[in-house]
Amino acid sequence: MNTYLLFKSIHLIAVISWMAGLLYLPRIFVYHSEAILNNKSEDLTSTFKVMERRLFIYIMNPAMIVSWIFGVLLIYTIGLDNFGLLWTQLKLVFVIILTIYHIFLFQCLRKFAENTNSFSPKFYRIINEIPTVLLIGIILVIVFKPL
Ligand code: HEM
């Protein structure tokens, strides 16, 4: 059994699930904040709260943790000296920003849960592009592996 390939497969499955959540959660926030603005029923906003919480707890958090664990295991597998390479450092910077974004989304989720959301639907539409930009950066860095 090739451990490196096994770790990489698990890493990729986790990373895809994490990205799916990072792209989908702010989209729910757009609809949720629009529903609040338009004074929609309590039933609808409660449904959004359940969707947000389940997505975050059951998909995004585990996926992020597994991405990190197997990413770090991959670093050990291919050798710590890879940290000296620009592409590894760049990827790490992008991934740290992605993790900060993940934590920020959790804070937004908590505000929605407490009915104290202060951001507009437009704000959530704009921040929804952040993971897309980071994803493009990460993939380009990984594929081209600049010196
Ligand atoms: C969470 C922290 C992360 C760490 C520590 C990490 C680290 C790594 C390492 C060390 C490799 C092996 C590279 C090689 O074999 O040359 C790898 C592979 C890969 N990672 Fe990550 N990664 C992380 C997150 C991500 C994210 C968020 C994405 C995508 C959005 C991603 C996409 C990939 C891809 C596509 C590969 C396969 C590259 C190849 O086979 O050439 N990783 N990762």
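Predicted model: local features only at pLDDT ≥ 70, side-chain atom pairs only at ≥ 80, totals over all residues.
## Residues around the ligand

The ligand itself sits in the largest pocket.

Tyr4 places a polar side-chain atom 2.3 Å from an oxygen atom of the ligand. Lys8 does likewise, with a polar side-chain atom 2.5 Å from an oxygen atom of the ligand.

## The iron site

Which protein atoms coordinate the iron atom of the ligand? They are NE2 of His11 and NZ of Lys91, at 1.7 to 2.1 Å. His11 lies in helix 1 (residues 3-37) and Lys91 in helix 3 (residues 86-113), so the pair ties together parts that are 80 residues apart in sequence.

The iron atom has six donor atoms, and the angles among them run from 87 to 179 degrees. The site is octahedral. For reference, ideal angles for six octahedral donors are 90 or 180 degrees.

## His11 in its setting

His11 is part of helix 1. Is this residue buried or exposed? Its relative accessibility is 10%, under the 20% cut-off, so His11 counts as buried.

The side chain of His11 also has a contact within the protein. It reaches the backbone oxygen of Ser67 at 3.2 Å.

- NE2 of His11 coordinates the iron atom of the ligand.
- The His11 side chain contacts the backbone oxygen of Ser67.

## Leu25, a buried position in helix 1

Leu25 is another residue of helix 1. Its relative accessible area is 0%, so Leu25 is buried. Where does Met51 stand relative to Leu25? The two are 26 residues apart in sequence, and their C-alpha atoms are 8.8 Å apart in space.

## Two asparagines with positive phi

Most residues other than glycine have a negative phi. Asn39 has a positive value, near 50 degrees. Asn115 is also positive, at about 60 degrees, although it is not a glycine.

Both sit in loops. Asn39 is in the loop between helix 1 and helix 2. Asn115 is in the loop between helix 3 and helix 4 (121-127). Both are exposed as well. The relative accessible area is 70% for Asn39 and 59% for Asn115. Each value is over the 50% cut-off, which is why Asn39 counts as exposed and Asn115 does too.

## Overall fold

How many helices and strands does the protein have? There are five helices and zero strands. Along the sequence, the pattern reads α-α-α-α-α.

The C-alpha atoms fill a box of roughly 55 × 30 × 20 Å along the principal axes. The protein has 147 residues, and 35% of them are buried.

Key:
Residues numbered from 1 in each chain as written. Heavy atoms only, no water. Donors = N, O, S within 2.8 Å, 3.2 Å for Na, K, Ca; no water. Tetrahedral: all angles 85-135°; square planar, octahedral: opposite > 155°, others 65-115°. Helix = DSSP H or I, 4+ residues; strand = E, 2+ residues; numbered from the N terminus. Buried < 20%, exposed > 50% of the residue type's maximum accessible area, 1.4 Å probe, protein only. Polar contact = N/O pair within 3.5 Å; in protein donor to acceptor, adjacent residues only side chain to side chain. 1 Å grid on protein atoms, 1.4 Å probe; cavity = no way out; pocket = protein on both sides within 12 Å on 5 of 7 lines; lining within 4 Å. Sits in = over half its atoms within 2 Å of the grid points.
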